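Subject: Structure handover

Hello,

The structure is below for your files. My notes on domains and helix packing follow it.

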Number of protein chains: 2
Amino acid sequence: MLEDKNEKRTSLAELGEFGLINYLTDAIKLKHKSSIKGVGDDAAVLDFKGKQVLLTTDLLIEGIHFDLSYMPLKHLGYKAVMVNLSDVYAMNGTPTQITVSLAVSNRFPLEAIEELYSGIHLACKLYNIDLVGGDTSSSTKGLLINITALGEAKKDEIVYRNGAKVNDLLVVTGDLGAAYLGLQVLEREKQVFQANPNAQPELDNYTYLVERQLKPEARKDIPVLLKELGVKPTSMIDISDGLSSEIIHICKQSEVGCNLYENKIPLDPQVISTCEEFNMDSTTIALSGGEDYELLFTIDTEDYPKIKGNPNLTVIGHITEKNEGMHLITRANQKVELTAQGWNAMAK
Amino acid sequence: MLEDKNEKRTSLAELGEFGLINYLTDAIKLKHKSSIKGVGDDAAVLDFKGKQVLLTTDLLIEGIHFDLSYMPLKHLGYKAVMVNLSDVYAMNGTPTQITVSLAVSNRFPLEAIEELYSGIHLACKLYNIDLVGGDTSSSTKGLLINITALGEAKKDEIVYRNGAKVNDLLVVTGDLGAAYLGLQVLEREKQVFQANPNAQPELDNYTYLVERQLKPEARKDIPVLLKELGVKPTSMIDISDGLSSEIIHICKQSEVGCNLYENKIPLDPQVISTCEEFNMDSTTIALSGGEDYELLFTIDTEDYPKIKGNPNLTVIGHITEKNEGMHLITRANQKVELTAQGWNAMAK
């Protein structure tokens, strides 16, 4: 949060749009066989050789989706890529290319854009993605990034949201709620800093939460794991808006109902302790927090033995007939209707 | 430019993001065989059946790329699509799908977004494009649109920027400079209106110019025409930043030089008369004006008889050895070096 007064600042106006594009794209080497031609022509050229193509796009805007007072630009670049890759994994596909559209006001020097791109490039390297195009522009206010990701999958491997069947098991990867709590911790520290600029942030007890907020990882291991286990989910979605909202998407599109068990929802110990400290309900956080980028899917009960005991996967409920509705079964064995805003225990 | 005080205003906050997405995408029907699944899952699913895929993206920002005081929202939506399709045609391909990312501040009611989308949908209808995805968000200021377009082409049909050869002919479609002059006319009328809000815009003598600025059409007829004529260009690019800048792109990427003949540059009579009125040089406008969305390409001299006399195509020069440089041959038979900012006759 402290500004380095000696930092190097190269003005973007000096460099110009073409200069900036050349600067940012000069070092790009294409890795995928499907990337025939990347940056430098009117359009990128790709060849998926008969595989189906997955396409998704996400827009991140300063002041709406991120706050640069605690989100380092490198992390922002990394996260902007993750958000898109997560959507491709949620189709049981392999992301292959991205394009990056960027608008920046002149308050950002070239060095800031380099930081942002270093995060984008790192994500591309670790997730084996080619950056094949984009657009850069000045903005009248703030920073915004629109990333479009393409991926590939064989036709019969793709998993949609609409295939869940009655009696299927509802499975989630990893644990939930940490990213949202990380944001609460960072917001609190920002307020402390604003009140006293000499205060040092106290984040030692919240490292996992803050990391989940600032440097989320998309679950690229899950489509691979499922293939190894010989399991093809009947439906799948990524958890970006909170567990409750995503379960509702699956149920509505599959025309089914569900029972979700509160005591099965996977939570990290730091989520539980921080919820106690903040006087928040951990189930509410998991249901409505969002930004977890875990995967939620349904499997046929016959596949249960294949996933049983896997530390990455937790069975949290099962699919019911549509007319039974969508419910959370609480620890007290009460049946509460799921809503898109999540189940707010404190509001009851 | 006059505000209708009785217009219907539905607040976006009231509708919410999911409500808005449902509202905007409800009526979409997919037309392309390659569009397997559009809006409604984590990613769109496309199948190009072995054809190569063209991918391009463009970002338009209020206050930078457009001014809503004279750009109607419907036209803006239409133009945002055209800008992207033009890039696909410039690869000699057929555009097939788009995604639309939109950020709007709360000063825009739902009806404004509907207007914008009516232009997007019209463009999709007339150019046979499927809208298969997108993202919507609030913004802290103004309106921005990021459109990504996908297209398809057989591998051996794609035309890159880097294939121009010595002696090839330089060919341009349509005429140049009108869109830029249209912008000058609109800017002038805006100033008149700001000085005197009762003034009525006088646009009768500039209808072609204003239409080229507000409602450009991408040249979807050209890849079809070239196929009919049996001509495959050796290189191609669309003219978005002015003829000069695009010729330089082709020459640099093809490692060649060129001679461009001033007296061959196609100009509409309205461009000539308005340049006289505004005391501007029409060659400068054509070289540096931009936003024409015409196509510039090179062909082998053997193909000249096939295009000769075609009213859509004008030969404006030829390709030379790289060491001869890139030049404009003026009407006075002087050789002037082409620069990316265009050749400014008035500055000499």
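**Domains of chain A**

Chain A is split into domain 1 (12-156) and domain 2 (169-347), with bounds from an automatic or database domain assignment. This is a predicted model, in which local features need pLDDT of at least 70 and side-chain atom pairs count only at pLDDT 80 or more, while totals for chains, interfaces and linings use all residues; side-chain values use heavy atoms, with hydrogens and water left out. Residues are numbered from 1 along each chain as its sequence is written, and chains are lettered from A and ligands numbered from 1 in the order in which they are written.

Taken over C-alpha atoms, the centres of domain 1 of chain A and domain 2 of chain A are 27 Å apart. Their contact (heavy atoms within 4.5 Å) takes 20 residues from domain 1 of chain A and 21 residues from domain 2 of chain A. Between these two domains about 1900 Å² is buried, 57% of it from carbon and sulfur atoms; buried area is the accessible area (1.4 Å probe) that two parts lose on being put together, summed over both. On the domain 1 side of chain A, the residues losing the most area to domain 2 are Y70(A), K79(A) and Y89(A), together 33% of what that side buries.

**Helix packing**

Helices are DSSP runs (H or I, at least four residues), numbered from the N terminus. Axes are lines fitted to C-alpha atoms over the stretch in contact, and angles run from 0 to 180 degrees between N-to-C directions.

In chain A, helix 5 (residues 207-214) packs on helix 8 (residues 269-278) at an angle of about 105°, with the axes 9 Å apart. Helix 5 and helix 8 of chain A are therefore roughly perpendicular to each other (65 to 115 degrees). T207(A), Y208(A) and L209(A) of helix 5 meet Q270(A), V271(A) and T274(A) of helix 8. By class this contact has three nonpolar, three polar and no charged residues. Ala, Val, Leu, Ile, Met, Phe, Trp, Tyr, Cys and Pro count as nonpolar, Asp, Glu, Lys and Arg as charged, and the others, Gly among them, as polar.

In chain B, the axes of helix 5 (residues 207-214) and helix 8 come within 9 Å and cross at roughly 105°. T207(B), Y208(B) and L209(B) of helix 5 touch Q270(B), V271(B) and T274(B) of helix 8.

Helix 4 (residues 178-195) of chain B also packs on helix 8 (residues 269-278) of chain B, with axes within 10 Å and a crossing of roughly 45°.

Regards

Technical notes. Helix = DSSP H or I, 4+ residues; strand = E, 2+ residues; numbered from the N terminus. Parallel < 35°, antiparallel > 145°, perpendicular 65-115°, else oblique.
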